[in-house]
Amino acid sequence: MSGHSKWSTIKRAKGANDAKRGAIFTKIGNQIAIAARGGADPSMNPALALAIEKAKAANMPNTNIERAIARVADKSAAQLEEVVYEAYGQGGTAIIIEAATDNRNRTFPDVRSTLNKNGGNIAEPGSVTFNFDRKGVIRVAAAGEDALLAVLDAGAEDANEEDGEIIIYTEDKKLAEVRQNLLNANLEIKDFGLEYVAKNQVPLADQSTQEKLLKLLDALDELDDVVAVHTNADF
């Protein structure tokens, strides 16, 4: 799979060391609230079950999880909706920005302003997404041929070994199934979720361009309404 970007690894490392845990919990809580629209019972709602597992992996308190689920039934609470913005960054790179918002009139200007301030610009709908596939992505702490074979046996569509980890790609609807198979195989899962995976990457050999793009991606990721940021940049 050609679309893996170092941005995912960089972002994950930042999250692990980020002192602003409340901001992280807010983002995950928004994902839970959106998933819960498909049903508040995780045993009947795979998307919600995955969102809850992600929350637990981030050590999010159960009270926060329950509050996020209850938000769907609370008629007085502003309801969230999923929004996807497309953009361009330094070096001709493409960016997809996933957001969860209760007010598009707030979120879109925030995203556009952040892009403009950091050398990017908003793109027309459809001009970027065709370069990406929606995939389940799982990272496990394993290496070697035996581990790769176990990953493929678990139902992975593709897998790459990198920096002592194996990055696994699945069909979006098979993410939960493959994840459970990996757990059954006693493989340690470091991270998982649905991502926009680039079909072709844009190499960035110039360090200055890399640094400017990373600053842009980081600024977008820190916006309260932004849930995830994806790029086709190859650092």
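Entry 1, cavities. I took a cavity to be a set of points, on a 1 Å grid over the protein atoms alone, where a 1.4 Å probe fits but cannot get out. Its volume is the space filled by probe spheres set on the points, which are joined across faces, edges and corners.

I worked on a predicted model, in which local features need pLDDT of at least 70 and side-chain atom pairs count only at pLDDT 80 or more, while totals for chains, interfaces and linings use all residues. Residues are numbered from 1 along each chain as its sequence is written, and side-chain values use heavy atoms, with hydrogens and water left out.

I found two cavities of 30 Å³ or more.

Entry 2, sheet. I read strands (E, at least two residues) and helices (H or I, at least four) as DSSP runs numbered from the N terminus. Four strands form an open, antiparallel sheet in the order E3-E1-E2-E9, pairing requiring at least two DSSP bridges. I noted five bridges between E2 (residues 94-101) and E9; Ala-99 stands opposite Val-226 in E9.

I counted heavy atoms within 4.5 Å as contact. Helix H5 (residues 104-117) packs on the sheet and touches E1 (81-88), E2, E3 and E9. Its direction makes about 20° with that of E1, on axes fitted to C-alpha atoms, for helices over the stretch in contact, with angles from 0 to 180 degrees between N-to-C directions. Helix H8 (residues 207-221) also packs on the sheet, touching E2 and E9, at about 155° to the direction of E9.

Technical notes. On a 1 Å grid over the protein atoms alone, a cavity is a set of points where a 1.4 Å probe fits but cannot get out, and a pocket is an open set with protein on both sides within 12 Å along at least five of seven lines; lining residues have an atom within 4 Å of a point.
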